[in-house]
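Trainee: Could you take a close look with me at one residue and its surroundings? I would like to understand where it sits and what it meets there.

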Amino acid sequence: QVQLVESGGGLVQAGGSLRLSCAASGRTFSSYTMGWFRQSPGKEREFVAAIDGSGTNTRYADSVKGRFTISRDNAKNTQYLQMNSLKPEDTAVYYCAATPWGLASRVYKYWGQGTQVTVSS
């Protein structure tokens, strides 16, 4: 019902910035809360950020608060993750996700394929 495609990953030096994009299919994009997750080798997938359907409310993991900003453009069926002041610890595969169950939901129904972000020292 919903397909998600991430883009914008790459290699960046510590302290630099990247902007990830996630393009979504479907005709009811604005009804979904959107989120970003990441996974490093040998570690569990972790929550990064989420934004509600209207773009009014957001939440972030403590590890990225103040450095990352999540946003969305419902007219383009796209969400974004602006990542500033990147650290080597941010290196991971980043996944776009969508849930119909609201901003506080811990369960996401749809997932993208992931995009690699590598931050060098």
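Mentor: Happy to! Let's start with Arg38, which lies in strand β4. Keep in mind that this is a predicted model. Is Arg38 buried or exposed? With a relative accessible area of 5%, Arg38 is buried, because the cut-off for that word is under 20%.

Now see what the side chain of Arg38 meets. A polar contact of 2.8 Å links it to the side chain of Glu46, and another polar contact, of 2.9 Å, links the side chains of Arg38 and Asp90. Leaving aside residues up to four places away in sequence, Arg38 touches a list of residues that includes Glu44, Arg45, Glu46 and Val48.

Tyr94 brings us to the largest nonpolar core, which has 33 residues. Which of them touch the most other members? They are Leu4, Met34, Trp36, Leu81, Met83 and Tyr94. Two or more residues of this core come from each of β3 (18–24), β4 (33–39), β5 (46–51), β7 (68–73), β8 (78–83), β9 (92–99) and β11 (115–120). You will notice β4 in that list, the strand where Arg38 lies.

A search of the whole structure turns up 1 disulfide: Cys22 is joined to Cys96, with 2.0 Å from S to S. The link of Cys22 and Cys96 has -75° about the S-S bond and is left-handed. Cys22 sits in strand β3 and Cys96 in strand β9, so the pair ties together parts that are 74 residues apart in sequence. Both Cys22 and Cys96 are buried.

Asn74 is partly exposed, with a relative accessible area of 27%. Not counting residues up to four places away in sequence, Asn74 touches Phe29, Ser30 and Gly53. Asn74 and Ser30 are 44 residues apart in sequence, yet their C-alpha atoms are 5.9 Å apart in space. As for Gly53, its backbone oxygen lies 3.0 Å from a polar atom of the Asn74 side chain.

Finally, let's step back to the whole protein chain. It has 0 helices and 11 strands. The radius of gyration of the protein chain is 13 Å, close to the 14 Å that the globule rule gives for 121 residues, so the chain is as compact as a globular protein of that length. Along its principal axes, the C-alpha trace spans about 40 × 25 × 25 Å. Of the 121 residues, 45% count as buried, and Arg38 is buried too. Among contacts between residues at least 6 apart in sequence, 56% join residues at least 24 apart. The accessible surface of the protein chain comes to about 6,400 Å², with 47% of it belonging to carbon and sulfur atoms.

Methods
Residues numbered from 1 in each chain as written. Predicted model: local features only at pLDDT ≥ 70, side-chain atom pairs only at ≥ 80, totals over all residues. Heavy atoms only, no water. Core = buried A, V, L, I, M, F, W, Y, C linked by side-chain atoms within 4.5 Å. Buried < 20%, exposed > 50% of the residue type's maximum accessible area, 1.4 Å probe, protein only. Helix = DSSP H or I, 4+ residues; strand = E, 2+ residues; numbered from the N terminus. Disulfide = S-S within 2.5 Å. Rg over C-alpha atoms; globule rule 2.2 N^0.38 Å. Contact = heavy atoms within 4.5 Å. Areas by Shrake-Rupley, 256 points an atom, 1.4 Å probe, with all protein chains shown as cover. Polar contact = N/O pair within 3.5 Å; in protein donor to acceptor, adjacent residues only side chain to side chain.
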